[in-house]
Amino acid sequence: MTTTVTKPPADAVPPPPKRTRRPKSARAGGQLHAGPIAYVILALFTVGSLFPLVWTAIAASRDNSRLAQSPPPFWFGSGLFDKLEVAWKDANLGEAFLNTTLVAGISAVTIVVLSTVAGFAFAKLRFRGRGALMLIVIGTMMVPPQLSVIPLYMMVAKLDWTDQLQAVIFPSLVSAFGVFFMRQYLLQALPDEIIEAARVDGASSWRVVWHVVFPAARPAMAVLGMLTFVQTWNDFLWPFLVLTQMGNPTVQVAIAGLGRGYTPDQSLIMAGALLGTLPLLLVFAIFGKQIVGGIMQGAVKG
């Protein structure tokens with residue numbers, strides 16, 4: 001007994017494959033929703049990040065006797081605003097804020113501009129010794145900054161710049177990290193075709209930098225400027241060596257003057273530290289969204 005197998009006609013259309021339904025979060029354009037464990041972890045990290053700032057405010061509202069007790073206080077007292085007023089007057093924080101804003105602003109702008117130009121040169125231009133010079137720039141990042149304190153102080157003293165702001169401004173006008181950071185960013189974010197098109201249109205090197213490099217490097221420039229401003233604002237060692245509290249103090253030098261005495265007032269020091277931190281929080285609250293948005297924009301373009 002033979003069985004006959006019927007073949008499907010040649011023009012028959014095969015049935016479409018069965019589609020497996022993907023979850024809504026995995027579809028194109030869908031949002032990823034975090035689970036409860038993610039929210040718990042984020043809440044713990046947020047509390048851990050805010051605790052030092054909150055406890056600084058709590059310590060500033062108490063006195064030395066209460067801070068010396070065990071366990072320490074974990075809630076605000078009634079003397080916070082009084083201690084803030086005393087710290088503001090005793091440390092001359094009004095002038096210190098102006099000096100630090102001037103120093104940090106000039107350093108941030110200069111480092112961002114020079115680092116962007118140098119990073120573009122190392123990333124996109126071809127010249128003799130480029131690799132060796134880049135190795136030298138990276139090598140300077142490995143030298144501890146404390147080693148340069150003595151020769152730098154001798155140079156400042158010879159120029160008669162002690163207790164003047166230029167003694168703090170000039171050593172911070174360039175940054176090896178900034179050059180390396182901008183070079184790495186421009187290698188990916190700036191295509192060679194755009195530079196060649198600008199050259200074909202007759203643009204000079206400086207015009208390419210102004211109209212092509214700066215717009216492409218804007219996200220990285222914002223991040224570098226923010227990091228430089230915060231680092232310069234919090235710098236303590238070098239300003240403490242060349243400036244005095246009664247002359248032209250920065251914020252950190254002014255706050256250091258609050259700790260003098262046989263028995264330092266810890267709550268007064270905490271009040272000064274709190275006042276010195278508030279401007280940084282304000283700057284990040286105003287420009288943080290633009291900086292994060294610029295980072296994401298640069299990541300998408302790259």
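**Figure 1. Order of the elements along the chain.** From the N terminus on, the elements of the protein run α-α-α-α-α-α-α-α-α-α-α-α-α-α, and in this predicted model the protein accordingly holds 14 helices and 0 strands. Among contacts between residues at least 6 apart in sequence, 71% join residues that lie at least 24 apart.

**Figure 2. Packing of helix α5 with helix α8.** Two packed helices are described by the angle between their axes and the distance between the axes. Here helix α5, which spans residues 130-140, packs with helix α8, which spans residues 176-189, at an angle of about 130°, and the two axes are 8 Å apart. The crossing of α5 and α8 is left-handed.

**Figure 3. Residues in the contact of α5 with α8.** On the α5 side the contact is made by M134, V137, I138 and T140, and on the α8 side by A176, V179, F180 and R183. Sorted by class, the contact of α5 with α8 has 6 nonpolar residues, together with 1 polar and 1 charged residue.

**Figure 4. Burial and surface of the whole protein.** Of the 302 residues in the protein, 32% are buried, where buried means under 20% relative accessible area. The accessible surface of the protein comes to about 20,100 Å², and 67% of this surface belongs to carbon and sulfur atoms.

Key: Residues are numbered from 1 along each chain as its sequence is written. This is a predicted model: local features need pLDDT of at least 70, side-chain atom pairs count only at pLDDT 80 or more; totals for chains, interfaces and linings use all residues. Side-chain values use heavy atoms; hydrogens and water are left out. Axes are lines fitted to C-alpha atoms, for helices over the stretch in contact, and angles run from 0 to 180 degrees between N-to-C directions. Helices (H or I, at least four residues) and strands (E, at least two) are DSSP runs, numbered from the N terminus. A crossing is left-handed if the near helix is turned anticlockwise from the far one by less than a right angle, and right-handed if clockwise. Contact means heavy atoms within 4.5 Å. Ala, Val, Leu, Ile, Met, Phe, Trp, Tyr, Cys and Pro count as nonpolar, Asp, Glu, Lys and Arg as charged, and the others, Gly among them, as polar. Buried means under 20% relative accessible area, exposed over 50%, partly exposed in between (1.4 Å probe, protein chains only). Accessible areas come from the Shrake-Rupley method with a 1.4 Å probe; for residues, only the protein chains shown count as cover.
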